[in-house]
Amino acid sequence: MSTDENHVQGIPASALAERFGTPLFVYDTEILESTFRTLRTELPEEIDIFYSLKANPNISVCAFLGTLGACAEVSSYAELLTALRAGIAPEDIIFLGPGKDETELVACVEAGIHAVVCESIAELQLLDELVERAGRDSFPAMLRVNPAFAATGSGLSMGGKPRQFGIDEAIVRGAKEQVAALRRVEVIGLHAYMGTRILNAADVVRNTREILGTAEELAGRLGIPLRTVDVGGGLGVAYFTGETDPDTAELGAGMSEAVGDFARRHPGCRVIVELGRALVAHAGTYMVRARYVKESMGEWFVVADGGTNHHMAAVGIGSFVKRNFPVRHLGRPAGPADRTYTLTGPLCTPNDVVAKKVPLPPVLPGDLLGVERSGAYGPTASPGLFLSHGFPAEVVVHRGEAHLVRERDTTEQLLGRQRLADFHRASP
């Protein structure tokens, strides 16, 4: 075993691969903790950090962040149960999403979460009926506003244009009668989410100021208390060449000023920021093993045992030009990168390209490669059933010990959920 190979908290990459197999997602709690504590230290104390489970819904990842003080933002019944079973207190959970069903809304009421974020007037009215049906005197809700202004610095903007999310600001302005007519639901605040993958701290601060100002103005129009405002999140991570991570010191100073002014006007109001990839991306590595290394028309390819079926985010969805996540040769991380390779998976599609023409030390069949910054939107955003390979195992390394936190899908598990129709039985 080479002493030069990549390690995770002292454990060689080859040992992890031998014990758990590949493809494999590995999450490092030292990086998780460092990332969270840096943001918690820089952001003002008036802000509560809510972890967005959509980035990585693994229950152990959620539980570890919970031990550090993270709350939870969930968007499905399964995510709600994950947060609760991970030990997140109900009063520290919010539930949002544009298409909640009655089962999800009832579960929120029964659990007694902090608030359901309603994304239409009809949903607000349905929640009111369900709370009454449950025999509860009251239940908190927030309105997700689709602001008239557009975000700055966002790779995926959520404001200033037609969206399936939220309620248009103009509609909220005229909803005072509907809000006043609610029998059991109390609207306690507002929520807005302006976009994602924002790398400039100043843009996050500007969006926060705009949201807080909009929330104040709309709360006054609706005649509701302002006990919670969710300013969204969207804090990005630098994946690609030429990008840099947001300056957390600049972010903290700007947010302290913006939120401090608001807090002085609204003492006791809970201000929420949602963070997903910003908390978990750096902590994850997608580990694959090279099966074949071959040349085609002067270009070298590494065909690995895992690809975009597990890590669709690495494709660079939404980009006109393919850009690479950082890729490391785990067996020779410090070796000279004197050849470029295109890293692909085992899928029967030309789109199964994880990284294109990336410089690496020489790669041989059997070598381990790691796609870094892969703690967010790996399995949760990937077509794991494509070609029936199933989802990979996931491992958390904590205090130098590796823990299997998701078992690898087996062929029998995949086929066991299917049912073979009897096509030979005689027709009636």
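User: How much accessible surface does the protein chain have, and what share belongs to carbon and sulfur atoms?

Analyst: About 19300 Å², with 51% belonging to carbon and sulfur atoms. Areas come from the Shrake-Rupley method with a 1.4 Å probe; for residues, only the protein chains shown count as cover. This is a predicted model: local features need pLDDT of at least 70, side-chain atom pairs count only at pLDDT 80 or more, and totals for chains, interfaces and linings use all residues. Residues are numbered from 1 along each chain as its sequence is written, and side-chain values use heavy atoms, leaving out hydrogens and water.

User: How many helices and strands?

Analyst: 12 helices and 22 strands. These are DSSP runs numbered from the N terminus: helices are H or I with at least four residues, strands E with at least two.

User: Take H9. What is its span?

Analyst: Helix H9 covers residues 201–222, which is 22 residues. From first C-alpha to last it reaches 31 Å, close to the expected 32 Å. The expected span is 1.5 Å times one less than the number of residues.

User: What caps its N-terminal end?

Analyst: Asparagine 200 caps H9 there. A side-chain oxygen of asparagine 200 lies 2.9 Å from the backbone nitrogen of alanine 202. After H9 comes glycine 223, with a positive phi near 70°.

User: New topic. Where does glycine 234 lie?

Analyst: In the loop between strand S13 (228–230) and helix H10 (248–265).

User: Is glycine 234 buried or exposed?

Analyst: Buried, because its relative accessibility is 6%. The cut-offs are under 20% relative accessible area for buried, over 50% for exposed, and partly exposed in between (1.4 Å probe, protein chains only).

User: Which residues does glycine 234 touch?

Analyst: Leaving out residues up to four places away in sequence, Tyr193, Gly195, Thr196, Arg197, Ile198 and Glu274. Contact means heavy atoms within 4.5 Å.

User: And how many disulfides?

Analyst: 0 in the whole structure. A disulfide is a pair of cysteine sulfur atoms within 2.5 Å.

Terms used. A polar contact is a pair of N or O atoms within 3.5 Å; within protein, one must be able to donate a hydrogen and the other to accept it, and residues adjacent in sequence count only if both atoms are side-chain atoms.
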